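Here is a short briefing to read alongside the model. Please have the viewer open as you go.

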Amino acid sequence: MLELISLTCGYDGRKILDDVSFKAGAGEMIGIIGPNGAGKTTLFRAITKIVKPWRGTILIDGGDSRQLSCRKLAQICAAMQQSLEIPFPFTVEEFVLMGRFPHLGQFQNPGPADREIAAQAMAATDTLHVAGRPINELSGGERQRAILAQALCQQPKLLLLDEPTAHLDIGHQVDMLNLIKKLSRKNNLTVMAVLHDLNLAGEYCDRLIMFKDGKIHSIGTPEQVLTYQNIEEVYKTLVVVKENPISHKPHIFPVSNYS
Amino acid sequence: MNNKIVILFCALAALLCVSFAISLSSGSSSMTPGRLIAALSNPSGTGTDSVIIWRVRFPRVALAMLTGMGLAVCGAVFQGLLRNPLADPYTLGISGGAALGAAIAIVSGANSAGALTLPLAAFGGSIFSVALIYFISSRHNFSTHTLVLAGVIVGFICSSLVLFIFAVTDASKLQAAIVWLMGDLSTASSRLIVTAGAAISAGTALLWMFRQQLNILTLGDEKAAHLGINTALVKKIIFLAASLITGATVSAAGVIGFVGLILPHAVRRLAGPDHRVLIPASALAGAIFLPLCDTAARTLFAPAELPVGVITGFIGGIFFLLLLLRKP
Amino acid sequence: MKKILAILILISAACNAGEPAPKRIVSLAPSITRSIYQLEAGASLAGVTIYCPAQAKDKEKIGTLLEPNIEKIVALRPDLVIATKEGNRPETVRRLNELGIPVYTMESFDNFEAICNGFIALGKRIGRQEQANAIVEQSRRRVEQVRKKSKAHRRSRVFWQVGAQPLFTVSHHSFVNDFIELAGGINIFADLKSRYPQVSREAVLHADPDVIILVAMGDVTENEAQKWKNFKPGRTGKIVTLNNTVFTDPAPASFAEGLEIISRILHE
């Protein structure tokens, strides 16, 4: 579904990503982890063509992303930013419907079929009950889900989520990731999620890619990637890794040192 | 379309008729209802009453309606484009360029050359500032940040040039320039109205075509790109269309403030931020509001005429004061 | 013989008739209103600006010089509107022309002769040619008298101030310059380019005029006189404040009166 071949890019002469290559298959949920500034957001920006690669190729659904127009790309790939400022009080339904734009003609109004798709997206994200409310009156969790609903409205094959659980309490974090995982399975959707919480990443993702200084440090299943050696090398901190008693996925325990 | 919106548009249409009727019937000459109706039904008459209604008041009201429409629509569009509910048509310094063009025309005496000299000079000035802003912003992919910065800078440069011209000019010419700067709907000639009206209407139609893109652009450049919009291109088109309208209004009627700021604000509260409704509703609101302000300006202290900018400024100030006092 | 004379008189009367004298005049500036009264045509005035002189107190007001109320003017059904090039805007004249109202525009005057010619032209236009000629005759005589008298005196250097913040004076492009020249004085700023140039206090002190004349209007008040005294305490030379509209009124009789006053100031 998505393949990066030797991707190198950056801003204003500063290199951020260096020779990054990996493949992501349909229906996979991949977690992107790594310290701040390791290049995770830049990775998404390169895929969504906000940033132009210096070297390397990005293949999306088999085709070179350079050949894709902005519109065509939006029909295949949806992205959720870390934070989205919404300065005007659109209703949730109006907001979610904007996700249909890539599939409409430049000046075509959304039709009943589009409204149906939006309703389904809202139902899937449990935001149907607030459809008529202004989006800036929603709670943090509801707002995140509404933004996800908009992304789903694009009917993408690839979903990029940049810290989808930021600013959410643990209850909402788990709800959100449950939802995403379910959708990924149900719709055969390829999901790439930047997650700062290593435990959640290990819990939900099929594979993890750990970045260090713009390069891929390790790639593989959570068991393979989330080892105390990797974490010490990349995050420069001591940890102990055990198993989650319920899911048997790796769980990281921090080692505090304040004596 | 839901019921609330239908009701809103019916109300606006009704208010438009009322505003038109009031503006046409008001002035420093009072007429009995009988004479008024006789004059209203005789557009080509040569009697004093008909001349006053149709050749003195009507062009002025028509210009006020077109200008009000243009300013309100541009205000709504700039607020969306710049993602800021406090933006207005003059945020990007277009009025500064127009003022510069007008000041040069008035002070050099070129103004006496012909009826369209001053508006054309003002329009030329606005094109100058728009071109400058366009050029600067293009080099930064037309990002909102650059657009605002470029607009403010160009506005300041033009304003200081205008002040410079004022400082070295004869007092009498200065006064004429100041009158223009405060908003002047009295020079309404049919050629001016048709030209300005064409520009304003064409610009508004084009902007309405881009209503969906405008909605999405309020979410930011990155999100808009994620949703398949070629942000640089679309923003350029929208910017040029809105600037054309603003340039046309300032050239025809001087700098009239607050209309482009308060009306879209108020309409958005009533009708929501969807540009599909916001643009036409703002257009109607502008066409209702400005003629009424102008009517007040020319009747409150008759026979003296206040600049219409004084009335809109006063109302604008009160509006915002009330707004501030309401929300905690 | 009598018949031929009669015919000749009739023919000359017919030739001089030209346009009929206007009966409803709207004046767009106080200076025009004053001139109309001087020409004994006050009765034909239908409308004046809100700044017009006391004599026009009861006339209909049509607004200000810069923003006259077009509607009001139209409602007065004038057969002639008189405007000034200096005080009114070209837009106003154009608008009135568009509405089919004839407008007579008085040009701005560079000197006394121009004022006289302009006054005669105005008189002709409103059918008061005889009165205009008489007034101009008399004014010319008064001016000539002052000129003769001034030849006997030495020429004083004069600074004529019309604005305080910043300082404005007059150059030879304005008729005001003639007040100085015809009274035998020298305007220290006569050669500047614009009609009412702006000058710095320094420039004035450097030029060291014998007489400083302050025309009281706007921000020029008694304070200005005090300011000049402070700058050069114990200086020789006069500082005079004038408080009379004749100095800003571009009409022959006013000019003559003003000139007589200036002459007295310079030669006492």
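This is a predicted model: local features need pLDDT of at least 70, side-chain atom pairs count only at pLDDT 80 or more; totals for chains, interfaces and linings use all residues.

Residues are numbered from 1 along each chain as its sequence is written, while chains are lettered from A and ligands numbered from 1 in the order in which they are written.

**How the chains meet**

- Of the 2 pairs of chains that touch, chains B and C have the most contacts; two residues are in contact if their C-beta atoms, placed from the backbone, lie within 7 Å.
- Chain A and chain C share no contact, and their closest C-alpha atoms are 42 Å apart.
- Between chains B and C, 25 residues of chain B and 26 residues of chain C take part.
- On the side of chain B that touches chain C, α3 (48-81) and α7 (171-181) of chain B each supply at least two residues; helices (H or I, at least four residues) and strands (E, at least two) are DSSP runs, numbered from the N terminus.
- The most comes from α3(B), which gives 6 residues to the side of chain B that touches chain C.
- That side of chain B is made up of 10 nonpolar, 11 polar and 4 charged residues, where Ala, Val, Leu, Ile, Met, Phe, Trp, Tyr, Cys and Pro count as nonpolar, Asp, Glu, Lys and Arg as charged, and the others, Gly among them, as polar.
- Chain A gives 21 residues to its contact with chain B, and chain B gives 20 residues.
- For the side of chain A that touches chain B, the elements giving two or more residues are α2 (70-76) and β6 (77-80) of chain A.
- The largest share of that side of chain A, 3 residues, belongs to α2(A).
- By type, the side of chain A that touches chain B has 15 nonpolar, 3 polar and 3 charged residues.

**Strand β6 of chain C and its partners**

- In β6 (residues 157-163) of chain C, 5 of the 7 residues are buried, and the strand is mostly covered; a residue is buried if 20 or more other C-beta atoms lie within 10 Å of its own, exposed if 12 or fewer, and partly exposed in between, with C-beta atoms placed from the backbone.
- β6(C) runs parallel to β8 (residues 186-187) of chain C, joined by 2 bridges; two strands pair if DSSP finds at least two bridges between them.
- C:V158 has C:N187 as its bridge partner in β8(C).
- With β9 (residues 211-215) of chain C, β6(C) pairs in the parallel sense over 4 bridges.
- The pairing with β7 (residues 168-169) of chain C is antiparallel, with 2 bridges, and a hairpin of 4 residues joins β6(C) to β7(C).
- In β7(C), C:F168 is the bridge partner of C:G163.

**C:I212, a buried residue in β9(C)**

- C:I212 lies in strand β9 of chain C and stands opposite C:F159.
- C:I212 counts as buried because it has 21 C-beta neighbours inside 10 Å.
- Although C:I212 and C:F159 are 53 residues apart along the chain, their C-alpha atoms are separated by 4.8 Å.
- Apart from neighbours within four places in sequence, C:I212 contacts C:F159, C:Q161, C:W228 and C:I239.

**Helix α4 of chain C**

- The buried residues in α4 (residues 90-98) of chain C include C:P90, C:E91, C:T92, C:R95 and C:L96.
- Buried residues of α4(C) pack against α3 (70-75), β4 (80-84) and β5 (103-106) of chain C.
- Just after α4(C), C:G100 has a positive phi of about 80 degrees.
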